[in-house]
Amino acid sequence: MLGREAMIPYLTRLLDITMNNNAIPGEWKEAIMVPIYKRGDRSVAGNYRPASLTSVVCKQMEHVIAGYLREVWEMSEWLYEGQHGFRPGYSYESQVVTVCQDIADSLEEGVRTDATIIDFSNAFDLVPHDKLLTKVAATGVDLSVVVWVKGFLLGRSQRVP
């Protein structure tokens, strides 16, 4: 095995251990916050967005869990067909194209179209974790995954280098 494929058995075992013991290593919950320049005057703090640097192994585990959740939700058809974010083959571009096509179709048919635009860019930061976990559990996800996600979300820390 070459490259990342060689790590799969070790990462699988590590994920099993963290799930079976309901214990996520503390290092996985620590993030180093660094500023990423967006645009404008570099001397203005508002022109930077925070980026969270975490353990590479933890990032891999996050991808495994996210993939599992997507798979369960796709199979159960739990996701709304208009949900474009965080889904393979979908993007904000596909969302924009869909909305534009819907508006064009409405105009062509002479149907009144109202629109409300909401910025959810930081919405996840405001979601109460207990409510999120209750919703996730209600979707048919294996409860050991819900417990893992809960452990992942609790007790996180951030620091600036």
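Biologist: Which residues touch the most other members in the largest nonpolar core?

Modeller: This is a predicted model, so take what follows as a reading of the prediction. The largest nonpolar core has 21 residues, and those touching the most other members are Ile 65, Leu 69, Trp 73, Val 141, Val 145, Trp 148 and Val 149.

Biologist: And which elements give two or more residues to that core?

Modeller: Helices do: H1 (8–20), H2 (56–75), H4 (129–137) and H5 (143–153). Take Val 145 as an example. Not counting residues up to four places away in sequence, Val 145 touches Met 19, Ile 65, Tyr 68 and Leu 69.

Biologist: Let's look at one helix, then. What span should the 13 residues of H1 have?

Modeller: At 1.5 Å a residue, H1 should span 18 Å, and its end C-alpha atoms are 18 Å apart, so the two values agree.

Biologist: Which residues of H1 are buried?

Modeller: Start with the general idea. An α-helix has 3.6 residues a turn, so residues three or four places apart point the same way. In H1 the buried residues are Leu 11, Leu 15, Thr 18 and Met 19. Looking down the axis of H1, you find these buried residues within an arc of 100°, so they line one face of the helix.

Biologist: What covers the buried residues of H1, and which exposed residues sit on the face turned away from them?

Modeller: The cover includes H2 and H5. On the face turned away from the buried side, H1 carries the exposed residues Tyr 10, Arg 13 and Asn 20.

Biologist: What about the sheet: in what order do its strands come?

Modeller: In general, strands of a sheet pair through backbone hydrogen bonds, either parallel or antiparallel. Here three strands form an open sheet with mixed pairing, in the order E2-E1-E3. Strand E2 (48–53) and strand E3 (157–159) are at the edges with a single partner strand each, so one side of each has no neighbour in the sheet. On average, neighbouring strands of this sheet are turned by 40° against each other, direction ignored.

Biologist: How many bridges join E1 to E2, and how many join E1 to E3?

Modeller: E1 (residues 30–37) is joined to E2 by six bridges, and these two run antiparallel. Between E1 and E3 there are three bridges, and that pair runs parallel. To find the pairing on screen, look for Ile 36, whose bridge partner in E2 is Arg 49. Val 34 has Ala 51 as its bridge partner in E2. Over in E3, the bridge partner of Ala 31 is Gln 158.

Biologist: Now the backbone angles. What phi does Asn 22 take?

Modeller: Most residues other than glycine have a negative phi, and most peptide bonds are trans. Asn 22 is not a glycine, yet its phi is positive, at about 50°. You'll find Asn 22 in the loop between H1 and E1. With 57% relative accessibility, Asn 22 counts as exposed.

Biologist: Where is Glu 77 found, and is it buried or exposed?

Modeller: Glu 77 is in the loop between H2 and H3. Its relative accessible area is 69%, so Glu 77 is exposed. Glu 77 also has a positive phi, near 55°, in a residue other than glycine.

Biologist: One more: is Ser 106 buried or exposed?

Modeller: The cut-off for buried is under 20% relative accessible area. Ser 106 has 17%, so Ser 106 is buried. Ser 106 is found in helix H3 (residues 92–109). Leaving aside neighbours within four places in sequence, Ser 106 is in contact with Val 111 and Thr 113.

Note on methods: Residues are numbered from 1 along each chain as its sequence is written. This is a predicted model: local features need pLDDT of at least 70, side-chain atom pairs count only at pLDDT 80 or more; totals for chains, interfaces and linings use all residues. Side-chain values use heavy atoms; hydrogens and water are left out. Two strands pair if DSSP finds at least two bridges between them. Helices (H or I, at least four residues) and strands (E, at least two) are DSSP runs, numbered from the N terminus. Axes are lines fitted to C-alpha atoms, for helices over the stretch in contact, and angles run from 0 to 180 degrees between N-to-C directions. A nonpolar core is a set of buried Ala, Val, Leu, Ile, Met, Phe, Trp, Tyr and Cys residues joined through side-chain atoms within 4.5 Å. Buried means under 20% relative accessible area, exposed over 50%, partly exposed in between (1.4 Å probe, protein chains only). Contact means heavy atoms within 4.5 Å. The expected span of a helix is 1.5 Å times one less than its number of residues. The arc is that of the directions from the helix axis to the C-beta atoms.
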